[in-house]
Amino acid sequence: MRWLFSLGALLGALVWALASPAGAASFTYDVTLSPEVVGATGSGTATVVYNDVLHSLSITTDWTGLSGVTTVAHIHCCVATPGAGTVQVAVTPGTLPGFPVGVQSGSYTTVPILDLALNGTYTAGFLTVGGGTAAGAEAALFAGMNSGTAYLNIHSDLYPAGEIRGFLALVPEPGTSILLLGTGALLAFARRRSAGRSAQ
C-alpha cells in the first residue's frame, strides 16, 4: 500500500509540473459567452492567446443574437470571486482595436495583436492595480486569467454595461491531458490490483 501512495504522490507532482504555466511561452484560454444580465440575449465563443515571451495577447471571438447592437468589447480583471461579479476594464481603454460596432452578430480577431508591454494597452485604473507599470499590469492580468477572475465581454447599446460575457478558462497543454489520462488509468489499475489482493 505504501508503494501505491508513493506512486500517487510522484504522479501528482508530475501532473502539477506539466500543468504549471511556469516556463511556457504561449497560453490558450477558452471563453463561452452568455448573457451578462437578465433580459440580455446572445451567445458566443472566444479564444484568447497570451504569449509571455512576446508579451502579446490575441483575441478571436464569434457571437450571435444580441438584443442590442455592439458598442465596445474588452477584457475585465480581476473579480474577487472566480466566475462571479463585475470589475473594471483591464484591456483596453475604449474598446478592442477594430472591434465591429453596430452589429447583433459577428466575428472579430485582434489586429494588431495587443502589445502588453505598452502602458496604453491598459486602462489607467488597471495600471494602478499593476503598480503603475505595464509589466505589473501584465502580471496581474496573467494571474487573473489563470485564476478565473478575468472575463471578456461585449457591450451593446441596450446593455451598455455589458450584454454577454465569459470568464477565461486555461486550456491544458495536450501533453498534460495525456498525462492526466494515463495517471488515472494507472491509479485505477493499481486500486484494482490492491483490491484483488485484499480479497484473497
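1. His-55 lies in the loop between strand 2 and strand 3. Helices (H or I, at least four residues) and strands (E, at least two) are DSSP runs, numbered from the N terminus. His-55 is not a glycine, yet its phi is positive, about 55°. Most residues other than glycine have a negative phi, and most peptide bonds are trans. His-55 counts as partly exposed because its relative accessibility is 31%; buried means under 20% relative accessible area, exposed over 50%, partly exposed in between (1.4 Å probe, protein chains only).

2. This is a predicted model: local features need pLDDT of at least 70, side-chain atom pairs count only at pLDDT 80 or more, and totals for chains, interfaces and linings use all residues. Residues are numbered from 1 along each chain as its sequence is written, and side-chain values use heavy atoms, without hydrogens and water.

3. Ser-56 belongs to strand 3 (residues 56–64). Ser-56 is buried, because its relative accessibility is 14%. Beyond neighbours within four places in sequence, Ser-56 contacts Val-49, Tyr-50, Asn-51, Ile-113, Leu-114 and Leu-116. Contact means heavy atoms within 4.5 Å.

4. Two cis peptide bonds deserve a look. One joins Cys-77 and Cys-78, with omega about 0°; Cys-78 sits in the loop between strand 4 and strand 5. Another joins Val-111 and Pro-112, again with omega about 0°. Pro-112 is in the loop between strand 6 (106–109) and strand 7 (114–115).

5. The largest nonpolar core has 35 residues. Such a core is a set of buried Ala, Val, Leu, Ile, Met, Phe, Trp, Tyr and Cys residues joined through side-chain atoms within 4.5 Å. Helix 3 gives this core its largest share, six residues.
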